[in-house]
Each structure stands twice: as structure tokens, then as C-alpha cells.
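Visitor: I have a few "how do you know" questions about this one. Could we go through them with the model in view?

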Amino acid sequence: GNSVEEMRARLFPESEVQTLEILGLLQCLFCLGDFQESLTPAIQCGAVEMFLELSTWKEPGTVADALRAASAFLTHKRFANIFLDKGGVHRLLQLNHVTAILDS
């Protein structure tokens, strides 16, 4: 007999599951970004670093989702300052597939 875990691993390779989890997390962060109460937990959990890391991915759709989620938090001055301090603007200017990102 096959266990549930074996069937899940066969149907959903680990890399696909991780990507889906990241995309789900980005959607949640995008929705929470408007709320001041979500700012401190997001910063403490490394949201800035996560957005910067995801902006280096090759998949334009993932990069676009990361930028959308980051934009929701960038309306907060504290988050924006941390983003700037960690080289966020420099990273954005390095994106070489902006057209593909904007189309997704």
C-alpha cells in the first residue's frame, strides 16, 4: 500500500509544493500589507529579505507577486526605510526582465 505521503510526493514534487507555498504566502502578505498591525510581525519574520530574495528568481510571475506584496508594505515609512537600507531600490533597478514582470 501507498502511504498518503508517498502519493503526495508522487503527485506534487517538493519544488512545486514549495513554490505554491511561497505564492500563497505572497498573496497573504499582499492582503495584510495595508494594515499597520501587520508591519512589525512582517519585519520580524524577514519579509524585506524575502522580497529581495524572490526578486532574484527567474520566474517573472513569482517576481511580480513578490513586488506586489512588497508594494503593499512600502506604503509604511518604517518598512520603506528598511527596504532602502537593505538595497531594495538597487535590486529593483537590476531587474533585467521588467517587461515580462509587468505583463504577468
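Visitor: Which residues line the largest cavity?

Guide: This is a predicted model, by the way. The lining consists of Phe 51, Leu 52, Ser 55, Ala 66, Leu 67, Ala 70, Phe 83 and Leu 92. Helix H4 (47-54) and helix H5 (60-73) each supply at least two of the lining residues, and H5 gives the most, with 3.

Visitor: What makes it a cavity or a pocket?

Guide: A 1.4 Å probe fits there but cannot get out, so the word is cavity; a pocket would be an open set.

Visitor: How many of the lining residues are nonpolar, polar or charged?

Guide: There are 7 nonpolar residues, 1 polar and no charged ones.

Visitor: On to the cysteines. How many disulfides does the search find?

Guide: It finds 0 across the whole structure.

Visitor: Why is Cys 31 called exposed?

Guide: Exposed means over 50% relative accessible area. Cys 31 has 51%, so it counts as exposed. Cys 45 has 72% relative accessibility, so the word exposed applies there too.

Visitor: And Phe 30, what makes that one buried, partly exposed or exposed?

Guide: Buried is under 20%, exposed is over 50%, and partly exposed is in between. Phe 30 has a relative accessible area of 40%, so it is partly exposed. Phe 30 sits in helix H2, and beyond its neighbours within four places in sequence it is in contact with Arg 68, Ala 69 and Ala 72. The C-alpha atoms of Phe 30 and Ala 72 are 5.8 Å apart, although 42 residues separate the two along the chain.

Visitor: Which residues touch the most other members of the largest nonpolar core?

Guide: Among its 16 residues, those are Leu 26, Phe 51, Phe 73 and Phe 79. Helix H2 (14-32), helix H3 (39-44), H4, H5 and helix H6 (77-85) each supply at least two residues of this core. H4 gives the most, with 5.

Visitor: What does Leu 26 touch?

Guide: Not counting residues up to four places away in sequence, Leu 26 touches Met 50, Phe 51, Leu 54, Thr 62, Asp 65, Ala 66 and Ala 69.

Methods: Residues are numbered from 1 along each chain as its sequence is written. This is a predicted model: local features need pLDDT of at least 70, side-chain atom pairs count only at pLDDT 80 or more; totals for chains, interfaces and linings use all residues. Side-chain values use heavy atoms; hydrogens and water are left out. On a 1 Å grid over the protein atoms alone, a cavity is a set of points where a 1.4 Å probe fits but cannot get out, and a pocket is an open set with protein on both sides within 12 Å along at least five of seven lines; lining residues have an atom within 4 Å of a point. Helices (H or I, at least four residues) and strands (E, at least two) are DSSP runs, numbered from the N terminus. Ala, Val, Leu, Ile, Met, Phe, Trp, Tyr, Cys and Pro count as nonpolar, Asp, Glu, Lys and Arg as charged, and the others, Gly among them, as polar. A disulfide is a pair of cysteine sulfur atoms within 2.5 Å. Buried means under 20% relative accessible area, exposed over 50%, partly exposed in between (1.4 Å probe, protein chains only). A nonpolar core is a set of buried Ala, Val, Leu, Ile, Met, Phe, Trp, Tyr and Cys residues joined through side-chain atoms within 4.5 Å. Contact means heavy atoms within 4.5 Å.
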